[in-house]
Amino acid sequence: MRSMYINGKWVPAESGETRTILDPFNQETIALAAEGNEVDAQAAIHAAREAFDQGDWSCTPAPEREKRILKIAELIERDQQELAELETLDTGKTLTESLADMADIAEVFRYYGGLADKDGGEVIESPIPESRSKVVREPVGVCGQITPWNYPLLQAAWKLAPALAAGNTLIIKPSEITPLTTVKVTELIEEAGIPAGVVNLVLGSGASTGQKLAESSQVDLISFTGGIETGRKVMTAATANFKKIALELGGKNPNIVFEDADFETALDQAMNAVFFHAGQVCSAGARLLVQDSLHDDFVKALIERTKRIKLGNGFNESTQSGPLISERHREKVENYVRIGIEEGANLRIGGKRPEAEELQAGFFFEPTIFTECTSGMRIVQEETFGPLLTIERFSTEDEAVQLANDTIYGLAGAVWTKDSRKAERMASQLRMGTVWINDFHPYFAQAPWGGYKSSGIGRELGKQGLEEYTEVKHVFENTAPAPLHWFK
């Protein structure tokens, strides 16, 4: 059974309850996990609070923190095959993708380990004679971290690494349906010598353990990646003590193809943008905007290519896309197909469960394309989070900008054109945290990740991702103190 890790000890849920973890490819049981609740979350919070207030981690010299964090990266690389196999079992994604994730995860720990000792503060020129002034960054304290089911360990790494580098203590809560790699990496964190109480792992539902982390006055920061409605609840709960918040709440990301784009490359990347990991990606290019003169030929070629997508077991080398995460989520995607048809969009391919016998036990859904979509449709506006692509037409550059920005989200988007000036004009007008030019999906540890508008608050990755886990303090010293004689 996968246990929780609280104050340096592996423990079952206080209630004794467990949860069955299923393989989305065939619904077979792959593990039992402790099913924690508010009591377990409070125990983890207490451990993290005590470790921060009375322990040594926050004042451990930065080079020593760096050493421990780099050790975690080394251990992840050592066990990358096991971690990748667990991730594929847990999520259904291809093993090739999971292995790539592990390389990225190790790099995230290595990057933040390298940053741990790079900020020695900033000296400010004081306008007051005979004084010194500096600005320093200090750890924020106890951090609650709630991660999603689509990229369990990758998203955990984006939170764990900077929090540790800054000198915080933390409680991490993975999605209750995909906890396996977070449990494993916690074992590696223990092996790397991170002191007891600094990293705590709680399992269980968001409504119980997650809610407790968000509302607790003993938690100084809450970081959440997931859906917009849950994010709203987390934000509301955080007002109990006005804790710092970092929210990444997804997007409805436009992929804009101009008539002068490289046809084959844009076509290939349009498929990758939306159908990678069965569309279960916060930055998925689920809105395709194609210029009028290119539209018909592009759509025709896209549909033909989509017919050839190979669904299957993530462990098979021939598989290009795996299942959705659960039956509940598949029903959500199916409902969006019904909505799209009712709204008048033209269903051109997919929109149903596959008929192949070998796929019947899993939560599979065919890659789906709607054309003749308009920006007012729900399937265009709402995050469908599945292999569902909507296609809109545009005529001019200004119209493309207007359509792309016509959303409550602002996470990411892409522009395809051979005209670099046009690309730069578009990038400057798109209200999104990341804009790709002639590419889709790349991210790396050195560049910040986050969105505008309802896509969230704050940034992960980059130096900004480290700063999220710090407080800013101004230190002023009078080097020649003397009485003021104001009150006599």
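**View 1. Strands β17 and β18 run side by side.** Strand β17 (residues 412–416) and β18 are parallel and joined by 4 bridges; two strands count as paired if DSSP finds at least two bridges between them. Here Val-415 stands opposite Ile-437 of β18. Strands (E, at least two residues) and helices (H or I, at least four residues) are DSSP runs, numbered from the N terminus.

A word on what you are looking at: this is a predicted model, in which local features need pLDDT of at least 70 and side-chain atom pairs count only at pLDDT 80 or more, while totals for chains, interfaces and linings use all residues. Residues are numbered from 1 along each chain as its sequence is written, and side-chain values use heavy atoms, with hydrogens and water left out.

View 2. Angles run from 0 to 180 degrees between N-to-C directions, and axes are lines fitted to C-alpha atoms, for helices over the stretch in contact.

View 3. Look for Thr-368 in strand β15 (residues 368–371). Thr-368 has a relative accessible area of 0% and is therefore buried (under 20% relative accessible area, with a 1.4 Å probe and protein chains only). A polar atom of the Thr-368 side chain lies 2.7 Å from the backbone nitrogen of Gly-351. Beyond neighbours within four places in sequence, the residues in contact with Thr-368 include Phe-275, Val-337, Ile-349 and Pro-387; contact means heavy atoms within 4.5 Å.

**View 4. Helices α2 and α4 pack together.** The axes of α2 (residues 62–78) and α4 (residues 95–115) are 8 Å apart, at an angle of about 170°. The two helices are therefore roughly antiparallel to each other (an angle over 145 degrees). Among the residues making the contact are Ile-69 and Ile-76 of α2 and Met-102 and Phe-109 of α4.

**View 5. A sheet of 3 strands.** This open sheet has the order β5-β6-β20 and antiparallel pairing. Strand β6 (residues 131–139) pairs with β20 over 9 bridges, and Arg-132 has Glu-477 of β20 as its bridge partner.

Conventions:
Angles under 35 degrees count as roughly parallel, over 145 as roughly antiparallel, 65 to 115 as roughly perpendicular and the rest as oblique. Buried means under 20% relative accessible area, exposed over 50%, partly exposed in between (1.4 Å probe, protein chains only). A polar contact is a pair of N or O atoms within 3.5 Å; within protein, one must be able to donate a hydrogen and the other to accept it, and residues adjacent in sequence count only if both atoms are side-chain atoms.
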